[in-house]
Amino acid sequence: MTIVRTACLAVALLASTALPALTQTRAETLRHVTGAAINTLDPNIPGSTREAFGLSLLTYDRLLSFGKKQLDGKWVFDLDNFKPELAESYTVSPDGLKITFKLRQDAKFHDGTPVTADDVKWSLDRAVTANVLGKGQLLTGSLTSADQFKVVDAHTFEVTLPKPDKLALANLAVVYPVIFNSKLAKSKATAEDPWALAWLKENTAGSGAYIIESFKPGETTILRRNPDWNRGSAEKPASFKRIITQTIPEAATRANLVEKGDADIVIDLQATDAADLEKKGKLKVISTPQYNSITFVSFNNQTPPFDKLEVRKAIAYALPYDDMFKAALFGRGAPLYGANWTEGKAPTGAVFPIPQPLKTDLVEAKKLLTAAGFPEGFSTTFSFNVGQAGTAEPMAALLKESLAKIGIKVEIQKLPDAQMSTLINEKKVPFFTEGIVAWLPSMDYFYRNFYIGPIRWNYSSLDDAKITEWAQAARFEPDMAKYAALGKDLNTRHFELMPQIPLWQPSQDAVMASSIDGYVYQFHRQIDFRDLSRK
Amino acid sequence: MSQLSTTAKRAGWRFASSLPALFGVLVFTFLLMRVLPGDPAVFFASGPSAGKEEIEMIRQQMGLDKPVPEQLVRYLGDIGSGNLGRSLTTGQPVLADLKSRLPASLELTFMALLIALLTAIPLGVAAALRQGSWIDHVVRFICALGVCVPTFVSGLLLIYAFYYLLGIAPDPTGRVDIFTSQPPLVTGFLLIDFAVAGDWEGWRAAASQLVLPAFTMALFVVAPLARITRAAMLASLGSDFVRTARSLGLPPRKVIVTYALRNALLPVLTIAGIVFSTMLGANVLVEKVFSWPGVASYALDALLASDYAPVQGFVLLMASIFVVVNLTVDVLYGIADPRVSVE
């Protein structure tokens, strides 16, 4: 009897409270779900997450933003084509050493103060002098000192460069040099904190398309449209009146939400779910290979046995590329293997990465391994971090199986993210997989940031005089033909040295309601909600 | 009166004697976090252009550039002044994070425990009364099922059935539907806050969000509670006073509820106390699956990132809660069985 009564009670409780989700007409609201969290409102704060970068481009304006181009029928950001944002126009002097910006006369911060060249100066000074992330980024565009920034008049601003640098303008369009309301920020600064880092971390002083309505770190962020903003392409405010970003840790739940129509857009689903939703055809799935990223298998080139070129090459020929690509990504991405190069020379040098002339060839692999002095093979560990486990785990299992065939015994190591970063930073992982992303994916930028010096991002710990020399030369090479020639040498050299094996560029699967329009893949791999609208 | 003062004295004594343990937990967690491989500064310095300077910057910001003993002294000093440090994962002070997240966890755990007790005690009693019958077997089967199915599986299953297929549950995205406005903050417990504000629409929304996660959690802890109830009931049903009561011809209801059950409640209380503390910290999977903004998932995220301050804060909080729960159970003992408090 008691059991029956309890069961009835339980059912009654469930039925009385679990009503259908509120179906509001919410055409003007965009609900975005993500697995990650925003941890600061100022993108310059050390430790900022990628989602924090995404948010700051909605609440702040930059002088310029990237234009867009089509890549295989999908819209992606364009590194070489700028759209004015707070700047109305800009001119570059013939010697390439001076960039003059004309600022918009009508731009205002959220509190109504007009945006002037003084604000631009203060913000850029802050990005290169304060203890912020901007410093390390902006120096890749030869922007290193406050002396380079000059206020000409209230709406004219000048940047001088020590050398003509191809990436100077591009660096002004990344997330760090956003323009702050300097009067407001200065009023919140203290003697110990002259750049108001503490205050700006929790507050916004911008002119962007959206204003923060509520911010609960790790839960939700709600944005309200700034009706006065007119920096979009059509000189109109952004299309959505409200944007809700919610943190939903479970990927399967995110897939459910967007499929049911409760969420409008998500970009971090598992590859299986994205493929599944695409097949069902109810939603719009835009799958863009992340052309500024690479996933690779890397070795520490300084420690045995991976200091031997033949060992690295043997592994490169022993990897089961196709199987790994299918198992890890379900084929969602752009492969970087299986190309044909004539006479071992790279076919192009204008871009990096390019597909490598590699395919699985166990006979060749065994031959190389014997030549390296390991006819019986050896034992090693292969590491990846927990955060990547979804793709890295199946890949590692296939790699282990295939390498066993040429005698290399692999023990798979799955490490917590912080531990993996620490070991990589200390150069203590012999053999592992990682992914890299370059915000400004020009050929020389990749080589300069990922193949030179004892820094963390030089995953393979490569130390090659030629690569260093050519990459530095390419940076300031104004002639595009010469630049491409240098790139060709670099790409060829990269293949010859095999410091690490590029595998593929994973796709970013943006899954959205079919009514959503205007999605563009952005450099910071976040959604620029200002582009989106509902049909 | 004298009973009350004895209980109070006992509680006070218990509390004082747990302070050294709390201190030990504090120091131990502090050292453990520093011994773990994984440098938070390197992890958080993950911007595309992060170099050595940035890592140093974060290290300085976290005070990690100082020697460990000095860090410990500073940390203890901070705790003395009520400052638990700042989380790098959320960018907020740990105290503020815990304050806003603890009510979410507590509300869920209380609700789950309530459901579990309401189910487990009748089940256990029924199983004990009809020992060996089909009822007993059914109860055993339910318990086994509850324990065998991991919470994230049952959670995902419930979501799939009630949200995805049937569409009668709201979307599993936290404590209240995103389009419902939050009640003014009074206790942090949404059901109470909505009731205080008189917003019954909101109360309904919050309650409907609570049902699935609470059931998921309850499912897992019904088994230990029901089993212990059954065992304790069997012991007390077989004892002399029940036989005496029966032979005196007291009504069965009085025999079972007043005499047998009350005597059987002590072990159930103990287990309920333990279950409660465990649920609060260990149900990280339920919190993750239902996007519940509780303390357990907060601590897990911090742990993966080697973010020291939140993990230390969480362990301290859990230890304190454990102490409080033990105290409460002690006091409840006295109420359930007056003999206990006369020491």
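A nonpolar core is a set of buried Ala, Val, Leu, Ile, Met, Phe, Trp, Tyr and Cys residues joined through C-beta atoms within 7 Å, where buried means that 20 or more other C-beta atoms, placed from the backbone, lie within 10 Å of the residue's own. The model is predicted, with local features needing pLDDT of at least 70 and side-chain atom pairs counting only at pLDDT 80 or more, while totals for chains, interfaces and linings use all residues. Residues are numbered from 1 along each chain as its sequence is written, and chains are lettered from A in the order in which they are written.

The largest nonpolar core holds 155 residues, of which Ala314(A), Leu319(A), Met324(A), Leu399(A) and Val511(A) touch the most other members. Leaving aside residues up to four places away in sequence, Leu319(A) is in contact (C-beta atoms, placed from the backbone, within 7 Å) with Val297(A), Met324(A), Thr360(A), Leu399(A), Ser402(A) and Ile501(A). A second, separate core of 91 residues includes Ala205(B), Ile228(B), Ala305(B) and Ala309(B).

Within chain B, the axes of helices α5 (residues 94-129) and α13 (residues 295-304) come within 8 Å and cross at roughly 130 degrees; axes are lines fitted to C-alpha atoms over the stretch in contact, with angles running from 0 to 180 degrees between N-to-C directions, and helices are DSSP runs (H or I, at least four residues) numbered from the N terminus. Asp97(B), Leu98(B), Arg101(B), Leu102(B) and Ser105(B) of α5(B) meet Val295(B), Ala296(B) and Tyr298(B) of α13(B).

Between the chains, the contact takes 52 residues from chain A and 58 residues from chain B. On the side of chain A that touches chain B, α14(A) gives the largest share, six residues.

Key:
Contact = placed C-beta atoms within 7 Å. Helix = DSSP H or I, 4+ residues; strand = E, 2+ residues; numbered from the N terminus. Buried ≥ 20, exposed ≤ 12 C-beta atoms within 10 Å, placed from the backbone.
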